[in-house]
Amino acid sequence: MAQRLTEDARGVFIISATPFTDDGAIDHASIDRLTDFYLASGVDGITILGMMGEAPKLTTAESEAVLTRVLKRVNGRVPVVVGVSNPGLDNMYALANVAMDNGAAGVMIAPNAASKTESNLVSLFETIAKALKDVPIVYQDFPLTTSMPISAGAFVSIVEAVPSVVMLKHEDWPGLPKLSAVRETSEKRGARRVSILCGNGGLYLPQELARGADGAMTGFAYPEMLVEVVKRFHAGDQDGAEDVFDLYLPLVRHEQQPGFGLAVRKEILRRRGIISSAATRAPGPKLDATGHAELTRMMDRLARRLDGRLAAAAQ
């Protein structure tokens, strides 16, 4: 029985990369290894076909092939959220239904800039929810890419109007005050408390957790760090969570470069032996010789710091 996403979701829902071969084809063997790697890292859920998963570069048939492969590999062990955003509502509904029929826990939907106003956004998600009936929905708030910002009050209005919206993927930038405002507005108006998982590569994760986020939904290539940070924070060890985060911060920052970070993320996963190729779909970023050298130095420094941490813990 597939797990359905609820307002109580918390922890780390890793955003999965989509592995390709060097010639740009879907790499199904790497999908299996990557899925196994995420599960072994202790993630609480997996999100596929997101923006950093290069979903807009896939055909409909490829999207369906990827989601069915991942869902079969996961086999219900953790909830899987499938990104289905599409300018055409019929295309969105079709992919969402395929995802749910194959055992997805819910779908992630980004607003379309064509909505233009916040009242139109509320109406849009009411329309989507009616078409998808009881399918759990994650509202992806990433105005840097969608060009459709939404205020805390308008998002709470969506929560009030659309019971199937159970999660906010928060990645407005800068967005810490907005995260606080969502929580405060929701409480003031007596609205449902929905789950908030944060993106932006995890750059602000400790502060987001302190402001009321329930965890992370991002794709950092060291998911074990995200898992440990969130677990430590939820256990009441905020300083310990930040200490772990600080070890990885140079690579978190490096991986989050606009227009370039995906190449870094995929190259780290390749070097870690998880995927066979760091290829991105054209047009996409690629590391040059200097970029490879920079990454080598940063990964080596992280390895030494982690070794030092283990040695100190053993004393």
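Ring pairs join Phe125, Tyr139 and Phe155 into a cluster. Here, rings of Phe, Tyr and Trp (its six-membered ring) count as a pair if their centres lie within 6.5 Å. The model is a predicted one, in which local features need pLDDT of at least 70, side-chain atom pairs count only at pLDDT 80 or more, and totals for chains, interfaces and linings use all residues. Residues are numbered from 1 along each chain as its sequence is written, and side-chain values use heavy atoms, with hydrogens and water left out.

A search of the whole structure gives 7 aromatic pairs. One of them is formed by Phe37 and Tyr38, with 5.8 Å from centre to centre and 40° between the planes. This pair is tilted, the name for planes that are neither under 30 degrees apart (stacked) nor over 60 (edge-to-face). Both Phe37 and Tyr38 are buried, a word used for residues with under 20% relative accessible area, found with a 1.4 Å probe on protein chains only. In another aromatic pair, the ring centres of Phe220 and Tyr222 are 5.6 Å apart and the planes are at 45°, so this pair is tilted. Phe220 is buried, at a relative accessible area of 0%, and Tyr222 counts as buried at 7%. As a general point for reading such values, a pair of aromatic rings is described by the distance of the centres and the angle of the planes.

The backbone also deserves a look, beginning with the cis peptide bonds. One joins Trp173 and Pro174, with omega about -5°. Pro174 sits in the loop between strand 6 (165–170) and helix 7 (176–189); helices (H or I, at least four residues) and strands (E, at least two) are DSSP runs, numbered from the N terminus. The peptide bond from Ala282 to Pro283 is also cis, and its omega is near -5°. Pro283 belongs to the loop between helix 11 (261–271) and helix 12 (289–314).

Positive phi values come next. Lys116 is not a glycine, yet its phi is positive, at about 70°. The loop between strand 4 (106–109) and helix 4 (118–132) holds Lys116. Is this lysine, Lys116, buried or exposed? Lys116 has a relative accessibility of 69% and therefore counts as exposed, the term for values over 50%. Asn200, another residue other than glycine, has a positive phi near 55°. Asn200 lies in the loop between strand 7 (195–198) and helix 8 (205–210). With a relative accessibility of 2%, Asn200 counts as buried.
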